[in-house]
Amino acid sequence: MNDARTTLGHPAVLPHWLLLIVMAASASADDSVAKVDFNRDIRPILSNNCFQCHGPDDRERKAGLRLDLIEAAKTPAESGQIAIVPGKPELSELVARIYAADADQRMPPADSNKTLTEPQKTLLKQWIAEGAAMRVHWSFAAPVRPSPPAVSDQSWAQNGIDLFVLSRLEREKSKQFPFLKPSPEADRLTLIRRLYLDLVGLLPAPDEADAFAHDPRPEAYAELVDRLLDSPHYGERWARRWLDLARYADTNGYEKDRPRSIWPYRDWVIRALNTDMPFDRFTIEQIAGDLVPDADLNTRIATGFHRNTMVNTEGGTDDEEFRVAAIVDRINTTFEVWMGTTF
């Protein structure tokens, strides 16, 4: 209940313009002294500019240098130079190469059509200076519940998430935005409108809105949240997110784009959300619902997740080509949805 109140209808939710200001503050010069986060700041730079030639693919690797593993990056390359010396950017060949004045020595090479910006170079140098710590991709790391931060005004916060919001506001306020403060509590009509749109995607009926607006009881808000969570429209609203991930469509795609009868899978997802199916079961039935003990029609319908690939019915096509394309699509979609990465 606290999560729903906080993230959806609670008056503590910041307006978009204020969120943009806070995000802009993150890119301010003050952040140059903040500790660099590998997954957030460094991995995208290396992945987009370096891994094609210095990544995990042995066939494509240049100069015997591998940058996706810190132990490999600390090992001398074919030139004898060490790309990354943790804590010592002045001795790290990677830093020397990204700042090299000679175009033939500078990395990434000119013929790669890749260029590092000055802020990216600064981040790489700072990362090495801070010890060049690498972390696994976020999708392979177990989530850890953070401890709520300390704030100067505990009275405003009503739950743990509020503490994180307020902590960031106080930090940015102390920097260069002295006018920042929590938004005032919204009026009752605004709150019920937010709740309806966020939880079920519909507007409240006028009589429902009036009843809530004139209900002074403190528990009225929580009761409204419960009622909307119990609504069948809740599953219809939030199933859309999952159906997008499952690339759900009522037609085959490609040339004729003929209709396909896969709506039972759509309804299965809606029912799963409305009945609070545990996520592990939600996963198992979609990946292997036909293989679970005592599999029935319902669990087999769940495997519609893997029936959503496009189908080409055009004459003269190679069936084997599109069978393989469907397999690749299923594998990549499964990894993207559950692991946050392609395979």
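**Overall shape and local features of the predicted chain**

The accessible surface of the chain comes to about 21,000 Å², and 56% of that area belongs to carbon and sulfur atoms; the areas come from the Shrake-Rupley method with a 1.4 Å probe, and for residues only the protein chains shown count as cover. The model is a predicted one, in which local features need pLDDT of at least 70 and side-chain atom pairs count only at pLDDT 80 or more, while totals for chains, interfaces and linings use all residues. Residues are numbered from 1 along each chain as its sequence is written, and side-chain values use heavy atoms, with hydrogens and water left out.

The secondary structure comes to 16 helices and 0 strands, where helices (H or I, at least four residues) and strands (E, at least two) are DSSP runs numbered from the N terminus. The chain is more spread out than a compact globule, because its radius of gyration is 26 Å, well over the 20 Å that the globule rule gives for 343 residues. Here the radius is taken over C-alpha atoms, and the globule rule is 2.2 Å times the number of residues to the power 0.38. Along the principal axes, the C-alpha trace spans about 75 × 65 × 40 Å. Of the 343 residues, 33% count as buried, a class that means under 20% relative accessible area, with exposed over 50% and partly exposed in between (1.4 Å probe, protein chains only). Among contacts (heavy atoms within 4.5 Å) with a separation of 6 or more, 56% join residues 24 or more positions apart. As for charge, the chain has 41 positive and 52 negative side chains, with the centres of the two sets 3 Å apart. In this count Lys and Arg are positive and Asp and Glu negative, while His and the chain ends are not counted; the place of a charge is NZ of Lys, CZ of Arg, CG of Asp or CD of Glu.

An α-helix has 3.6 residues a turn, so residues three or four places apart point the same way. After α7 comes Gly131, with a positive phi near 115°.

Asn113 counts as exposed, at 74% relative accessibility. Arg247, in the loop between α12 and α13, likewise has a positive phi, of about 45°, although it is not a glycine. Arg247 counts as buried, at 18% relative accessibility.

Further along, helix α14 (residues 279-288) contains Glu285. The buried residues of this helix are Phe282, Thr283, Glu285 and Gln286, and what covers them includes α12 (232-245), α13 (263-274), α15 (297-302) and α16 (319-339). Glu285 has a relative accessible area of 5% and is therefore buried. Leaving aside residues up to four places away in sequence, Glu285 touches Trp268, Met277, Thr299, Ala302 and Thr303.

Three partly exposed residues round out the picture. Pro76 lies in the loop between α5 (70-73) and α6, with a relative accessibility of 46% that makes it partly exposed. Beyond residues up to four places away in sequence, Pro76 touches Gln81 and Ile82. Asp198, in helix α9 (residues 188-199), is partly exposed at 25%; Asp198 and Phe177 are 21 residues apart in sequence and 30 Å apart in space, C-alpha to C-alpha. Arg217 sits in the loop between α10 (206-213) and α11 (220-229) and is partly exposed at 33% relative accessibility. Its contacts, not counting residues up to four places away in sequence, are with Arg188 and Glu223. From Arg217 to Thr333, 116 residues apart along the chain, the C-alpha separation is 47 Å.
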